[in-house]
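Biologist: I am new to this structure and would like to know what stands behind the words used for it. Please take me through the terms one at a time.

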Amino acid sequence: MRKIIIRVGGMSCQHCAKAVERALLNIEGVDSVQVELANSRAIVTYDEAIFNVQEAKRAIVDQGYEYLDFSE
């Protein structure tokens, strides 16, 4: 398992954070998600053989938030 930190824009409340968390957890290969509202980021633990960062971007944008960037 590996970790990626995704910066997310537009989150303003716990409801926003939960929406992003649920969207990311629905991606194949994602093991866990910890959304930090105060830091505008999501820490995603994933299976590197399955996970695709473009799917994470799409999931975030589909929920109405901004995918800003990521780091490993």
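Modeller: This is a predicted model. The largest nonpolar core has 24 residues, and Ile6, Val20, Leu24, Val44, Phe51, Ile60 and Tyr65 have the most contacts inside it.

Biologist: Which elements supply this core, and which gives the most?

Modeller: At least two residues come from each of β1, α1, β2, β3 and α2. With six residues, α1 gives the most to this core.

Biologist: What does Ile6 touch?

Modeller: Leaving aside residues up to four places away in sequence, Ile6 touches Ser40, Arg41, Ala42, Val44, Ala56, Ile60, Tyr67, Asp69 and Phe70.

Biologist: Which residues of α1 are buried, and what do they pack against?

Modeller: Cys16, Ala17, Ala19, Val20, Glu21, Ala23 and Leu24 are buried in α1. The buried residues of this helix pack against β1, β2, β3 and α2.

Biologist: What makes Lys18 and Glu21 a salt bridge?

Modeller: The cut-off is 4 Å between a side-chain nitrogen of Lys or Arg and a carboxyl oxygen of Asp or Glu. For Lys18 and Glu21 the closest N and O atoms are 3.4 Å apart, so the pair meets the definition. Both residues lie in helix α1, three residues apart, about one turn of the helix.

Biologist: Why is Lys18 called partly exposed?

Modeller: Lys18 has a relative accessible area of 41%. Buried means under 20% and exposed means over 50%, so a value in between is called partly exposed.

Biologist: How many salt bridges are there, and which residues are linked in a network?

Modeller: The count comes to five. Arg2, Glu48 and Glu72 are linked in a network of salt bridges. Glu72 and Arg2 meet at 2.9 Å, N to O. Glu72 lies in the segment after β4 and Arg2 in strand β1, so this pair ties together parts 70 residues apart in sequence.

Biologist: How do you know that Glu48 and Arg2 form a salt bridge?

Modeller: Their closest N and O atoms are 3.7 Å apart, and the limit is 4 Å, so the pair counts.

Biologist: Why is the pair of Tyr46 and Phe51 called tilted?

Modeller: A search of the whole structure finds one aromatic pair. In this pair, Tyr46 and Phe51 are 4.5 Å apart centre to centre, with 35° between the planes. The centres must lie within 6.5 Å; planes under 30 degrees apart count as stacked and over 60 as edge-to-face, so an angle of 35° is tilted. Both Tyr46 and Phe51 are buried.

Biologist: Where is Asn26, and why is this residue called exposed?

Modeller: Asn26 is in the loop between α1 and β2. The relative accessible area of Asn26 is 68%, which is over 50%, so the residue is exposed. The side chain of Asn26 reaches the backbone oxygen of Arg22 at 3.1 Å.

Notes: Residues numbered from 1 in each chain as written. Predicted model: local features only at pLDDT ≥ 70, side-chain atom pairs only at ≥ 80, totals over all residues. Heavy atoms only, no water. Helix = DSSP H or I, 4+ residues; strand = E, 2+ residues; numbered from the N terminus. Buried < 20%, exposed > 50% of the residue type's maximum accessible area, 1.4 Å probe, protein only. Polar contact = N/O pair within 3.5 Å; in protein donor to acceptor, adjacent residues only side chain to side chain. Phe/Tyr/Trp six-rings, centres within 6.5 Å; stacked < 30°, edge-to-face > 60°. Contact = heavy atoms within 4.5 Å. Core = buried A, V, L, I, M, F, W, Y, C linked by side-chain atoms within 4.5 Å.
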